[in-house]
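This briefing covers the structure shown below. It starts with the record annotation of one chain and then takes the other topics in turn.

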Amino acid sequence: MASLTPQVTPGTAPGAAPAPAPSRPGRPRRPRVWRGAVLLLAAVYFLVPLIASFVFTVKAPGQGFSLDAYGQIFSAEGFGGSLLLSLGLGVATIVLVLLLTLPAVVAVRLGAPRLRPVLEVVCTLPLVVPPITFVAGISTVLRWGPDYLATTPLYQTMIAVQNPDFPVVLVLAYVVLALPFAYRSLDAGLGAIDVRTLSEAARNLGASWPHVLLRVIIPNMRSAMASASFLTLALVLGEFTIARLLSFETFPNWIYRISGSQAQVSVAVSVFSLLITWLLLLALSSAGARQRSGS
Amino acid sequence: MNGARVEFRGLRRRFGSTVALDGLDLTVEPGELIALLGPSGCGKTTALRCLAGFEQPDEGEVLVDGSDITRVPANRRDAGMVFQSYSLFPNLNARDNVGFGMRVRKAPAARRHARAQELLELVGLPSVGDRYPHQLSGGQQQRVALARALALEPRVLLLDEPLSALDAKVRVTLREEIRRLQLSLGITTIFVTHDQEEALSMADRVAVLRDGRLEQVADPATLYDRPATPFVAEFVGAMNHLPGLVSGDRVTVLGQRLPVEGPSPDSARVDVLVRPEAVLVTPVDASGGEGDGIVMVSSFRGSTARLRVRLDDGTEVLADVPGHDSARFAPGTAVRVGLVERPVLVAARPETAVAAAIPEPDVV
């Protein structure tokens with residue numbers, strides 16, 4: 001009934017519209033200058049250290065251009081082992097953090113939306129705990145554990161998680177560190193699809209809950225999972241404090257060790273690891289893009 | 001494909017302090033298309049979700065062909081559902097969307113594809129099998145969703161406002177097509193909608209819900225001509241509430257004495273319920289003399305134009321005139337108002353109804 005009454009006040013709308021119009025063409029011009037300036041500043045900020053590092057690795061004092069430092073990376077003692085260890089830790093962390101967060105995020109979204117702030121706070125908490133505090137706690141437990149658990153089967157577990165060939169304790173620590181990033185990515189990815197309707201449609205067609213998760217939700221969250229994985233991998237490949245204080249030679253710690261004796265090689269390795277990280281980023285983002293164009 | 005009989009028995013469901021279903025009893029006959037109609041929050045979607053298994057009633061039971069399915073998990077119920085929108089799996093093309101249910105049941109790929117193609121043809125989309133949901137229009141997406149819901153030959157089809165996100169033209173075509181398919185398959189169908197036109201045009205019977213209870217269930221013509229309650233009268237179609245005085249089996253309204261249809265309330269002062277098409281208006285200048293009221297608003301609708309006439313005593317009346325006549329009823333025209341000589345419905349005049357019937361004075 002209300003729709004029959006003429007509510008429109010014709011005087012205001014056309015009068016207001018032309019006013020901002022003339023200023024519009026002039027608007028983008030000034031920001032374009034600023035945009036350029038900001039871009040330039042950012043470029044200088046990021047590129048100068050990179051270029052400086054690269055120049056340092058290829059120009060020894062008194063000699064000319066040489067890529068020797070890069071050649072020496074691969075023959076350097078401990079390179080392969082530490083890189084493989086870091087990659088292995090990265091993969092294990094990714095698997096574990098996804099197994100933990102994905103079902104949790106989906107379950108909260110579908111079953112208990114009111115718990116979402118709780119989950120968010122829990123997952124974000126690691127950001128506010130300084131790594132040094134975190135590792136101090138871990139090492140206290142690791143010292144205390146064997147003494148008190150000597151007569152129980154847990155003693156063997158305490159030893160096993162510290163196996164220098166594959167320190168499970170680092171994976172556990174990294175899972176905690178990666179939680180905020182994984183949670184953010186997955187929550188955003190879940191927000192982009194209508195999980196409730198999609199899972200109800202699948203349930204209606206006879207799918208069990210595991211089937212819904214594997215066949216409906218995960219395939220539609222590939223790019224979110226890819227970004228969660230990438231952030232986690234980048235975090236693990238760059239983590240120094242915890243591994244250093246628990247005395248495991250991960251890749252960053254190896255770089256730190258050889259920088260004392262072979263400064264040029266260590267910088268070359270840094271540049272090299274940056275390249276690896278970039279390649280991984282490209283690979284993961286193109287995996288995400290392929291999924292988007294495919295669907 | 002044979003339709004099942006669906007029964008809701010004393011269904012109750014509350015969410016916190018709001019009561020979505022307050023003892024709903026309704027039986028849907030095999031092969032029937034029934035529309036659940038009501039304003040938002042009336043419980044119509046909750047009832048459908050209880051039948052689909054996405055919602056558990058606090059009390060009461062849902063029966064399909066006599067067997068209680070209230071506690072059966074959603075994925076083991078024999079009901080296909082079409083959702084409001086965005087329910088196709090974005091990672092699968094149309095064919096795999098339609099074949100999803102068969103894939104869950106581990107049907108071989110060849111049979112799945114053949115059946116999916118058959119269904120896509122049934123809904124008029126034989127060539128979109130390879131397209132992904134984002135490559136389909138809204139109407140096409142809902143057709144694919146319909147094909148997907150029918151793929152497993154369910155005994156009940158559930159439609160949860162499947163047309164509400166579509167534009168007007170597509171909505172009308174698709175609803176005719178859904179009806180045609182439903183009739184040819186003979187599948188029991190429950191259609192939730194807040195659009196009374198949709199409900200009246202498609203359904204065998206319309207169930208009007210209000211505050212989780214059934215107000216009236218009847219075929220569209222009965223619902224429109226003989227609304228059982230003032231709420232139904234108000235909700236289905238437009239309705240005038242005119243003050244009248246009952247004496248005997250007749251009522252005096254707008255100076256006319258008309259027979260009363262059905263029961264009349266105890267009080268003599270009543271609301272007379274009259275559809276806009278039963279109100280006769282004639283421009284005064286054609287016959288000369290005094291008018292009863294003045295046309296305030298005229299909205300052209302094509303075949304008809306709906307007038308809002310303010311009577312001299314302040315009452316407003318809605319009246320329909322033929323569209324080609326609308327030029328004679330421009331706003332400001334003085335008109336004489338009468339009613340078609342036909343039995344009329346009357347209702348008690350609660351204070352609130354009086355207030356609602358007389359619009360605020362600033363409505364111009």
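An unreviewed UniProt entry annotates residues 37-58, 78-106, 118-146, 166-183, 224-243 and 263-284 of chain A as "transmembrane region". UniProt positions follow the numbering used here, feature names are shortened, and annotations may be inferred rather than shown by experiment. The model is predicted: local features need pLDDT of at least 70, side-chain atom pairs count only at pLDDT 80 or more, and totals for chains, interfaces and linings use all residues. Residues are numbered from 1 along each chain as its sequence is written, while chains are lettered from A and ligands numbered from 1 in the order in which they are written.

**Chain A**

- Chain A has 14 helices and zero strands, where helices (H or I, at least four residues) and strands (E, at least two) are DSSP runs numbered from the N terminus.
- In the annotated span 263-284 of chain A, the chain is 100% helix and 0% strand, with 32 Å between the end C-alpha atoms.
- Residues 224-243 of chain A are 90% helix and 0% strand, and their end C-alpha atoms are 28 Å apart.
- Of the 295 residues in chain A, 26% are buried; a residue is buried if 20 or more other C-beta atoms lie within 10 Å of its own, exposed if 12 or fewer, and partly exposed in between, with C-beta atoms placed from the backbone.
- Counting contacts in chain A between residues at least 6 apart in sequence, 77% link residues at least 24 apart; two residues are in contact if their C-beta atoms, placed from the backbone, lie within 7 Å.

**Chain B: overall layout**

- Chain B contains eleven helices and 20 strands.
- The C-alpha trace of chain B spans about 80 × 45 × 35 Å along its principal axes.
- Of the 364 residues in chain B, 41% are buried.
- Among contacts in chain B with a separation of 6 or more, 66% involve residues 24 or more positions apart.
- Chain B divides into domain 1 (6-230) and domain 2 (241-357), with bounds that come from an automatic or database domain assignment.
- The C-alpha centres of these two domains of chain B are 39 Å apart.
- The UniProt annotation "domain: ABC transporter", from an unreviewed entry, covers residues 6-236 of chain B.
- Residues 6-236 of chain B are 36% helix and 26% strand, with end C-alpha atoms 25 Å apart.

**Chain B: four-stranded sheet**

- Four strands of chain B make an open sheet with antiparallel pairing, in the order 2-1-4-5; two strands pair if DSSP finds at least two bridges between them.
- Strand 2 and strand 5 (67-68) of chain B are at the edges, each with a single partner strand, so one side of each has no neighbour in the sheet.
- Helix 1 (residues 44-52) of chain B packs on this sheet and touches strand 1, strand 2 and strand 4 of chain B.
- The direction of helix 1 makes about 115 degrees with that of strand 1 of chain B; axes are lines fitted to C-alpha atoms, for helices over the stretch in contact, and angles run from 0 to 180 degrees between N-to-C directions.
- Strand 1 (residues 6-15) and strand 2 (residues 18-28) of chain B run antiparallel and are joined by eight bridges.
- F8(B) has L26(B), in strand 2 of chain B, as its bridge partner.
- The hairpin of strands 1 and 2 of chain B has two residues between the strands, and G16(B) there takes a positive phi near 60 degrees.
- Strand 4 (residues 59-64) and strand 5 of chain B pair in the antiparallel sense over two bridges, and V64(B) stands opposite S67(B).

**Chain B: five-stranded sheet**

- Another open sheet in chain B has five strands in the order 15-19-16-17-18, with antiparallel pairing.
- Its edge strands are strand 15 (279-283) and strand 18 (316-322) of chain B, each pairing on one side only.
- Neighbouring strands of this sheet are turned by 40 degrees against each other on average, direction ignored.
- Strand 16 (residues 293-300) and strand 19 (residues 334-339) of chain B pair antiparallel over two bridges, and G293(B) stands opposite V335(B).

**Contact between the chains**

- The contact takes 20 residues from chain A and 22 residues from chain B.
- On the side of chain B that touches chain A, strand 6 (79-82), helix 3 (100-104) and strand 16 of chain B each supply at least two residues.
- Helix 3 of chain B gives the most to that side, with three residues.
- The side of chain B that touches chain A has 14 nonpolar, six polar and two charged residues; Ala, Val, Leu, Ile, Met, Phe, Trp, Tyr, Cys and Pro count as nonpolar, Asp, Glu, Lys and Arg as charged, and the others, Gly among them, as polar.
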